[in-house]
Amino acid sequence: MNKEQKRYLKEIKALLPVYGKYEKRFFRDIKDSISELESENITYEFLCKELGRPEDLIVNYYQEIDSHYLRKQLKRMIMKRKTREQQRMNLLHAMKANMSL
């Protein structure tokens, strides 16, 4: 996989707000489509022309995905972020408490 192909895939992955099982399958399908093109000299522009711009692919994907699934995934992502933030805060408080001893 060349640099342009990696850039294309990286942009698609960056545009996905969640990365659950359906998004993984979607991403794998795009990787497979790129592999089927069988050329080392594929450019980013060629991929956009053949498969679509990353932004358009994501818009089309989310227009077709089940809204219940998406809401569930987004809630899960928000909860994970809150949990991580709380863990960081607890660690900072513990470090401050140890410093003051």
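Which residues gather in a patch of negative charge on the surface? They are Asp29, Asp32, Glu36 and Glu38. The model is predicted: local features need pLDDT of at least 70 and side-chain atom pairs pLDDT 80 or more, whereas totals for chains, interfaces and linings use all residues. Residues are numbered from 1 along each chain as its sequence is written, and side-chain values use heavy atoms, without hydrogens and water.

**Charged patches**
- Patch members have over 30% relative accessible area and no salt bridge, with like charges joined within 9 Å; a salt bridge is a side-chain nitrogen of Lys or Arg within 4 Å of a carboxyl oxygen of Asp or Glu.
- Glu38, of the negative patch, lies in the loop between α2 and α3 and is exposed, at a relative accessible area of 71%.
- A patch of positive charge on the surface comprises Lys13, Lys21, Lys24, Arg25, Arg28, Lys31, Lys72, Arg76, Lys80, Arg81 and Arg84.
- At least two residues of the positive patch come from each of α2 (21-36) and α5 (67-99).
- Lys13 belongs to helix α1 (residues 3-15) and is partly exposed, with a relative accessible area of 41%.

**Helix α3 (44-51)**
- Tyr44, Leu47 and Cys48 are buried in α3 (buried is under 20% relative accessible area, exposed over 50%, partly exposed in between; 1.4 Å probe, protein chains only).
- Viewed down the axis of α3, these buried residues fall within an arc of 100 degrees, so they line one face of the helix.
- Exposed residues Glu45 and Lys49 sit on the face of α3 turned away from its buried side.

Note on methods. Patches are made of residues with over 30% relative accessible area and no salt bridge: like charges are joined within 9 Å, nonpolar side chains (Val, Leu, Ile, Met, Phe, Trp, Tyr) within 5 Å. Accessible areas come from the Shrake-Rupley method with a 1.4 Å probe; for residues, only the protein chains shown count as cover. Lys and Arg count as positive and Asp and Glu as negative; His and the chain ends are not counted. The place of a charge is taken as NZ of Lys, CZ of Arg, CG of Asp or CD of Glu. Helices (H or I, at least four residues) and strands (E, at least two) are DSSP runs, numbered from the N terminus. The arc is that of the directions from the helix axis to the C-beta atoms.
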